[in-house]
Amino acid sequence: SLPAAVATPPSLAPPEAAALTTLKTISLPSPSPLVRFKLLFTTGSSDDPVNRHGLAALSASMITEAGSAEQPFDEITRGLFPLAASFSAQVDRDMTTFTGVAHRETLDRFLEVALPQLLSPGFREEDFSRLKAQHLNELTQDLRSNNEEELGKERLQELLFAGTPYGHTTLGSISGLTAITLDDVRQFVSRHYTRANLVLGITGDIAPAAGDALKQALGALPEGKPRLAYPVTGNQPEGLRVEVIEKDTRSVGVSIGHPIAIRRGHPDFVALWLARAWLGEHRASNGRLYNRIREVRGMNYGDYAYIEAFPRGMYQFFPDPNLGRRAQLFELWLRPLRPEQAVFGLKLALFELRKMVEIGIPTEEFEATREYLAKNVFVLTKTQDQQLGYALDSDWYGIPEYTGYIREELAKLTAERVNEVIRAHISPDNLQIVMISANAAALRDQLLSSVPATIAYDGEKAGPLLVEDREVGAYPLELAPEHIRITPLDAVFA
């Protein structure tokens, strides 16, 4: 049986919440008895005030991981448990998405228990202190100290977007989180979680009356004003620039990239999306980098390329939806290298990148990649959550339904067109590099050395590979001492 506090919940539709006709709603008809709704607010970490970095993420946690005005969080947890339902949040640079999931038979009860967390937050000091400490731990321990792969990717984003609203992680900074007060959270929620900034997505076999009740309940949110999203421009490196983060680790993580003026809806997006897959589809073994670095030489776990942000890539095969951004990076991710092979691995990635830009993708390999992507796009959108999430993203980017958009644009492409787009948008010369190493000074010396990098194999390798190894080892980085910066771990995300 449900706790008494849950059995008599407050009304979800206060008298002032009149029928809501202006709320933008995206509905995906589905026979599934599992009902899912997403509340996409056009706000995120790019709205963090100066000296309060991390406020957007902490504010979202204060909704889904804290109590409402009527119930403390432990009672809400007990109320949701027998419903097998969930209410969660995801925060990125420009999007905060609250996702509710429940069976159609328990949806009414779920809404009565969970929605008050958003509509009438409790803002209890004990919840705030707990979640603030949790976010600080996630930043300093989970990300900075225990995960150099994600650390390198997040640091690359920071460096290339320094001085912009994207110039800090979604989790924020240590000083920013430390400075945040409960009043800051209250003000952020009231200012940004408004109807003007909200798009509602619904899928599943939801009764019309239940959908109407949800919309009506959301009418209790303040009306607000639409968020003004100004352009974000990254910092284009001049030549190669390297930051080595000194960290006690057994391997060397490498992230490489530069800003691109491409995002979904741009005429060149799908062509560049294909080039990315040919070079290094995430967690796939058919990419060029994967083949030349891992399969042929056995140097590391995997080597991938991106033209859209892919946070938490270490933990999953497919990107989450609802990560829409105004600006993106072209990025390479070399999953950790042995220290003695780190410089050779970096040079090999740059060598292959230059070949792609200067020589291009062969026609047969272009055709194979296009065929693969035309099928794989359905895998990206196979789940209920992905389908609804991509529908919201397509609305945000102003493009048609995602799978149709991708397949239609793929069908128009030629190898020549893709190679033109690569040359127009990808530079092998102007790149920011982040490396994480236990011996930063020694790595810096190797990067500056004129002595070719080498690689040793346990077994015999064919002559042509050894010839290529000598060419790779001699690849000119053209780095000067002032192009390499060593950063202590404690200074990252400070």
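At what angle do the axes of helix 11 (residues 269–280) and helix 17 (residues 415–425) cross? In this predicted model, the two axes cross at roughly 90° and come within 9 Å. Angles of 65 to 115 degrees count as roughly perpendicular, so helix 11 and helix 17 get that label.

Who does the touching? Helix 11 brings Ala271, Leu272, Leu274 and Ala275, while helix 17 brings Val418, Val421, Ile422 and His425. Sorted by class, that contact has seven nonpolar residues, one polar and no charged ones.

The largest cavity has 25 lining residues, and Trp273, Glu308, Phe310, Pro319 and Tyr390 sit nearest its centre. Helix 11 turns up again here: along with strand 8 (303–306) and helix 15 (384–397), it gives two or more residues to that lining. Helix 15 gives the most, with three residues.

Over at the second largest cavity, helix 7 (residues 148–160) has the largest share of the lining, at four residues. The lining includes Glu150, Lys153, Glu154 and Gln157, plus Arg93, Ala309, Pro311, Arg325 and Glu331. Phe310 is worth a look as well: it lines the second largest cavity and is among the residues nearest the centre of the largest one.

Conventions. Residues numbered from 1 in each chain as written. Predicted model: local features only at pLDDT ≥ 70, side-chain atom pairs only at ≥ 80, totals over all residues. Heavy atoms only, no water. Axes fitted to C-alpha atoms, helices over the stretch in contact; angles between N-to-C directions. Parallel < 35°, antiparallel > 145°, perpendicular 65-115°, else oblique. Contact = heavy atoms within 4.5 Å. Nonpolar A, V, L, I, M, F, W, Y, C, P; charged D, E, K, R; others polar. 1 Å grid on protein atoms, 1.4 Å probe; cavity = no way out; pocket = protein on both sides within 12 Å on 5 of 7 lines; lining within 4 Å.
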